[in-house]
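Subject: Handover of a structure

Dear colleague,

Please find the structure below, together with its sequence. My notes on what was found in it follow.

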Amino acid sequence: AMPRQKAPPTRVSNLAEGAAAASEPQDAGADQTMILRIRHPEGTERVSVRTAQTLLELRKQLADKFAVAPVTRVQLFTDMSCRDIMDDDDLPLGSDGLELEHGDMLSVKIKPQAAKRPRPPSSEARPKARKASGGEFTREGKTPRDIALAYVTFSSSLSGEGAWSQMAAAARLDAVKAGKAAIESVPTRGKQAKLCARFTGMRKDFEEICPHYDGDELTTIIRELLTRQTTSHRRQASSGLHLLTLEELARRSPPMFWSLFAAKAEGVGLEEKLAEVVRAAQGAADAGADE
């Protein structure tokens, strides 16, 4: 079968608009004005164009005329059945390009606009997930005495990891005070239980996993902290109290901070729970000193 060739545009003679133009000789190479007839589903439009303007410029002209956007929706054809599409956008309309003549008829087709996917109402819109910061903490020592030593000797700076430690500690306190902290046990195969703390503080989301010191171990750690580096039995109960604040716990030992949070009963403040544990540790320290 022979390949189908593009049909030439439909041409008519004796157009009223062309009578005057035909009576005056014109330079074939000059930019001239001519009338094209544009057939569309609702009738035919006569459009004034220049021979030097490109096909793309004609499509833009028709897009404005028919109030269509974007211009890519406007398609032009040389035949009535809209099969031979004109796609040489850079070519001029006149003899130097597409060789259209005064009175030629083209067919226009407007592609339907792609339907936009409706957005859900704001109440149903899904919030963007924020990546949680944080990490996993290891046990700070084998024994309560080791953990107390690590707590007392903790040091940080205001740069690098130290700055992060300060910010994370502030976020822990901010979350607990604002009621934006939740904690749960993490199943483990080993003997050491773990906690997972999820909280929002300082306008950031955090997730931290740390060892779980139960009530007895936490009391023993604090007892070791209170009695460390002292030889006077009378000074034992107060030697480490300045280190036992929520601010210091949040900064020096996230495992101790979250273990304390996990141990408190519903409706009990964290300050109150800390004071309770400290009293128990002081009682144990006094009892040991009297022996």
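Proline 70 has its place in the loop between α2 (55-65) and β3 (74-77). Helices (H or I, at least four residues) and strands (E, at least two) are DSSP runs, numbered from the N terminus. The peptide bond that leads from alanine 69 to proline 70 is cis, with omega near -5°. Alanine 67 is found in the loop between α2 and β3 as well, and its phi is near 55°, a positive value in a residue other than glycine. For comparison, most residues other than glycine have a negative phi, and most peptide bonds are trans. Alanine 67 counts as exposed because its relative accessibility is 72%; buried means under 20% relative accessible area, exposed over 50%, and partly exposed in between (1.4 Å probe, protein chains only). Glutamate 99, in the loop between β4 (85-86) and β5 (105-110), also has a positive phi, near 60°.

**Basis of the model**

Please note that this is a predicted model, in which local features need pLDDT of at least 70 and side-chain atom pairs count only at pLDDT 80 or more, while totals for chains, interfaces and linings use all residues. Residues are numbered from 1 along each chain as its sequence is written, and side-chain values use heavy atoms, with hydrogens and water left out.

**The chain as a whole**

The chain has eight helices and nine strands. Of its 291 residues, 36% count as buried. Among the contacts (heavy atoms within 4.5 Å) with a separation of 6 or more, 62% come from residues 24 or more positions apart.

**The strands**

Five strands form an open sheet in the order β2-β1-β5-β3-β4, with mixed pairing; two strands pair if DSSP finds at least two bridges between them. The edges are β2 (43-50) and β4, each with a single partner strand, so one side of each is left without a neighbour in the sheet. β3 and β4 run antiparallel and are joined by two bridges, with leucine 76 opposite methionine 86 in β4.

Further along, β7 (residues 181-186) and β8 (residues 194-201) pair in the antiparallel sense over six bridges. Alanine 182 has arginine 198 of β8 as its bridge partner. β8 is also joined to β9 (residues 204-211) by eight bridges, again antiparallel, and leucine 195 stands opposite cysteine 210 in β9. The hairpin of β8 and β9 has two residues between the strands, and methionine 202 there takes a positive phi near 55°.

**The helices**

How do two helices, α3 and α5, meet? The axes of α3 (residues 144-152) and α5 (residues 215-227) come within 8 Å and cross at roughly 55°. Axes are lines fitted to C-alpha atoms, for helices over the stretch in contact, and angles run from 0 to 180 degrees between N-to-C directions. The contact is made by Pro144, Arg145, Ile147, Ala148, Tyr151 and Val152 of α3 and by Glu217, Thr220, Ile221, Glu224 and Leu225 of α5.

Helix α7 (residues 254-263) is largely enclosed by the rest of the structure, because eight of its 10 residues are buried. The buried residues of α7 include Trp258 and Phe261.

Yours sincerely
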